[in-house]
Amino acid sequence: MNGLINPDRIRSIHPGSAPAGPVLYWMHREFRARNNWPLVHAREEALRRQAPLAVVFCLAPSFLGATLRQYDFLLTGLEETARLLRAARIPLIMRSGEPPEEIAQLCAQLRPALMVTDFDPLRIKRQWLDQFLERFPCPVHEVDGRNIVPAWIASDHREFMARTFRPRLHRHLPEFLDPFPQLDPHPFPWTASVASLDFPALRARFRVDERVAPVADVVPGETGAQATLDRFIDQRLADYHLRNDPNAGVNSGLSPYLHFGMISSQAIVLDLHRQGLRGDQVDGFVEELVVRRELADNFCLYTPDYDRVSGFPEWARATLNRHRRDPRAWVYSQDQFDGALTHDPLWNAAQRQLVTSGVIHGYLRMYWAKKILEWTEEPAEALRIAIYLNDRYALDGRESNGYAGIAWSIGGVHDRGWSERPVFGTIRFMNEAGCRRKFDVNRYIRTWTPGQVPLFPTPIA
Ligand code: FO1
């Protein structure tokens, strides 16, 4: 390899002539200065051209139902990243508005030699990039800063099971688990004076729903992410076999940071190796961190309708269809689910954990989504409600991992058929008895619904 980055991490999205000009990195998924391959590549390209380098962020007026909770987390973390970039003499230019329009206007001023940007398989991000290029067709390199094995290398098609995807990934890992270079100060100073907002001005532009408040006990940003990882490794990893017990409190707490790209999964794995950590607990954690997450990007990259019933595998669509007329013992509206007003104290507790803490425990998220399937008139409505609630309250919603997890629960994505039953057909079933075999359900209910006596009224006839 000629430089510091494996060229397979880079896709040239738009060739075109490269006039002399600065290099820009449009950061919209990997909100970090350290261990960031798109930034490493942008810097290498700027060095090669002896050109200035700047990072640009555009605050979108809305983003998949995000509320103040997620925007506050993102911007607070981004302030720290801006300081780290400034220490490397790389300015963070900030704009607000529709990203394709704003970034194109900025490029019309700066006439960059090259735009580097984050890979993101979500529909909205493909649209941003397409609309940007319609307005300003400049050379664009897309770099996968999210996955250890770039999504287009891991597989060139949709993988239907982790079982077939895992060996592909493990085959490529040695080649892509290379160390990140340090972010040294950039030698070619940024001299252009361009319009850029500051953080108070950005916050003043908020037009988001403020009813979902920021979460108090999670510190946004790269330092908070690293501290959370260190605490997990020191205090919880050894007990990670208890990860399916929501009362055990052994999960890493890293999902909000991974969602906003404030920590790199590759850097986490390199950290584990550097500390000589291995064994079943580490394997279990890496399975969640690498195999499941990179499978989720594979799902969204190769399934354009990843958030629709039509994106479910054929066997799942058929079985759900066969049972779409089955009577539902309970039927709830979006508002009843949102208000944790079902007959089921366990489901209500899971919803309150989501609303209160911005995260829902992994095992319970499956139960939570499956019950929405069971208690709605039809699968499309269940999928819509589950995505709406997850995107509205979860700090780690609005990304491939969330869409794949909900599609697994409701539509058998990355799963197989099980014994047939009403409503679910052969979609894997979960119920409270199953949860009671795994963990202390009453304790979890008490934790998340203080004062609520578990009520079991008679089902709707
Ligand atoms: N990316 C942006 O470039 N600009 C935004 O204003 C923005 C808001 C936003 C709000 C909530 C959220 O969950 C994500 C948001 N993102 C924004 C994108 C986001 O950071 C990435 O899509 C995820 O990190 C994907 O993993």
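**Aromatic pairs and the ligand site**

The structure holds 22 aromatic pairs, a pair being two rings of Phe, Tyr or Trp (its six-membered ring) whose centres lie within 6.5 Å. One of them joins Trp 26 and Trp 128, with 6.2 Å from centre to centre and 10 degrees between the planes, and is stacked, the term for planes under 30 degrees apart. This pair links distant parts of the chain, Trp 26 belonging to strand E2 (residues 23–26) and Trp 128 to helix H4, 102 residues apart; helices (H or I, at least four residues) and strands (E, at least two) are DSSP runs.

The model is predicted, with local features requiring pLDDT of at least 70 and side-chain atom pairs pLDDT 80 or more, whereas totals for chains, interfaces and linings use all residues. Residues are numbered from 1 along each chain, and side-chain values use heavy atoms, without hydrogens and water.

Around the ligand stand 20 residues, of which Cys 58, Ala 60, Lys 125, His 259 and Arg 398 come nearest (a residue is near if one of its heavy atoms lies within 4 Å). By class, this shell has eleven nonpolar, three polar and six charged residues. Polar contacts (N or O atoms within 3.5 Å) include one of 2.8 Å between a ligand nitrogen and a polar backbone atom of Cys 58, while ligand oxygen atoms lie 2.8 Å from a polar side-chain atom of Lys 125 and 3.4 Å from a side-chain N or O atom of Glu 399. Taken alone the ligand exposes 520 Å², and the protein buries 100% of that (Shrake-Rupley method, 1.4 Å probe).

Notes: A polar contact is a pair of N or O atoms within 3.5 Å; within protein, one must be able to donate a hydrogen and the other to accept it, and residues adjacent in sequence count only if both atoms are side-chain atoms. Ala, Val, Leu, Ile, Met, Phe, Trp, Tyr, Cys and Pro count as nonpolar, Asp, Glu, Lys and Arg as charged, and the others, Gly among them, as polar. Rings of Phe, Tyr and Trp (its six-membered ring) pair if their centres lie within 6.5 Å; planes under 30 degrees apart count as stacked, over 60 as edge-to-face and the rest as tilted.
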